[in-house]
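Thanks for coming. I will take a few minutes to walk through one structure, and you can follow along on the screen.

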Amino acid sequence: MPEHFDEVFADLDIDTRGPAQLDPGEIFNQPHQTVSGSHVESSRQEPRFEGDTSELPPAACWTLQALVTAPYVSEADRNYWPYVQQYEESLRSRLSEMGVVLTINHEHRYAFTEPAVDPSPHSRTILRTRTLSLAASALALYLYQQYLSAPDDPIVTGQDMADHMLAYKRPEDTDEGAFQKKIRTAIKTLCDAAIIKEIPHTNRYVIYGVITSLLTSDRIDALEQRYRTISSAQFRDVDDNIEEMHGD
């Protein structure tokens, strides 16, 4: 909106790229651009920089950058979403040139990108992502189930998540402080991945619908099978740090 879990989840991927840092909002508000519904009226203006040869208007170029750098772009991203709709085919084509696939969920109105499966030895991976810990992936599975049970009110509390994670605590683990830190790190990881968002001044979190695309049925089946396999080990030692790999 897609990376690899710890070695236990080496073939599963969920994108945890950080949010886009671009903020072209002031330019979007200039008189030469208008938005009507999902249609954007925009023309190719002066080059954005010396050597700019793109045929797309600046706003569409920034949208392309957001699709590569952010976990996903949703209807709430008013600076980008209209351009995802208006320039879908052009954006899809430019992404495919880099070995990246664009997925758009028109029903829930969000878009994200994933690495294409290109068997050529000449192919290069453009999207650089992070590694989820076992704790974060366990929490993501729980949130997925919570979202499906109440898609119209996808709210979960911090205590709900902490209580769920206690099921993975080993009986011999007496370091309560370290375990709670592991839970907080997992929650922060999924917030950074824009899968959940804390409601200000509360201990409640909104679960974003994009989780249903990030956790496909195949990935869910694999996660559940592996949790059954490792249930006796429960929270074996894993690295809770997130290794960020920036795009080239």
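Predicted model: local features only at pLDDT ≥ 70, side-chain atom pairs only at ≥ 80, totals over all residues.

Three strands make up an open, antiparallel sheet, in the order β3-β5-β4. Its edge strands are β3, residues 73-74, and β4, and each of them pairs on one side only. Helix α2 lies across β3, β4 and β5 and runs at about 60 degrees to β5. Helix α4, residues 88-97, also packs on this sheet, where α4 touches β4 and β5, and its direction makes about 150 degrees with that of β4.

Now the pairing of β4 and β5. Strand β4 covers residues 100-105, and six bridges join β4 to β5 in the antiparallel sense. Val 100 has Pro 115 in β5 as its bridge partner, and Asn 105 has Tyr 110. The two strands form a hairpin with four residues between them, and in this hairpin Arg 109 takes a positive phi near 65 degrees.

Back to helix α2 for a moment. Residues 58-69 form α2, and Thr 63 lies in this helix. Is Thr 63 buried or exposed? Thr 63 is buried, because its relative accessible area is 0%, and buried means under 20%. Beyond its neighbours within four places in sequence, Thr 63 is in contact with Asn 79, Tyr 80, Tyr 83, Val 84 and Leu 91.

Next, the other sheet. Here three strands form an open sheet in the order β6-β8-β7, again with antiparallel pairing. The strands at the edges, each pairing on one side only, are β6 (155-157) and β7 (196-198). On average, and ignoring direction, neighbouring strands of this sheet are turned by 30 degrees against each other. Three bridges connect β7 with β8, residues 204-207.

The largest nonpolar core has 34 residues, of which Leu 139, Leu 143, Met 161, Ile 196 and Ile 211 touch the most other members. Among the elements that give two or more residues to this core are β5, α6, β8 and α9. Which element gives the most? It is α5, with ten residues. Setting aside neighbours within four places in sequence, Leu 139 is in contact with Met 161, Met 165, Ala 186, Ile 187 and Leu 190. There is also a second, separate core of 22 residues, including Leu 67, Leu 91, Leu 102 and Ile 104.

Last, the charged pairs. How many salt bridges does a search of the whole structure find? It finds five. One of them joins Asp 52 to Arg 48, with the closest N and O atoms 3.1 Å apart. Asp 52 is buried, at 9% relative accessible area, whereas Arg 48 is partly exposed, at 27%. Another joins Glu 88 and Arg 92, at 2.7 Å from N to O. Both residues lie in helix α4, four residues apart, about one turn of the helix. Glu 88 is buried at 17%, and Arg 92 is partly exposed at 27%.

That is the end of my walk-through.

Definitions and conventions:
Residues numbered from 1 in each chain as written. Heavy atoms only, no water. Pairing = 2+ DSSP bridges. Axes fitted to C-alpha atoms, helices over the stretch in contact; angles between N-to-C directions. Core = buried A, V, L, I, M, F, W, Y, C linked by side-chain atoms within 4.5 Å. Buried < 20%, exposed > 50% of the residue type's maximum accessible area, 1.4 Å probe, protein only. Contact = heavy atoms within 4.5 Å. Salt bridge = Lys/Arg side-chain N within 4 Å of Asp/Glu carboxyl O.
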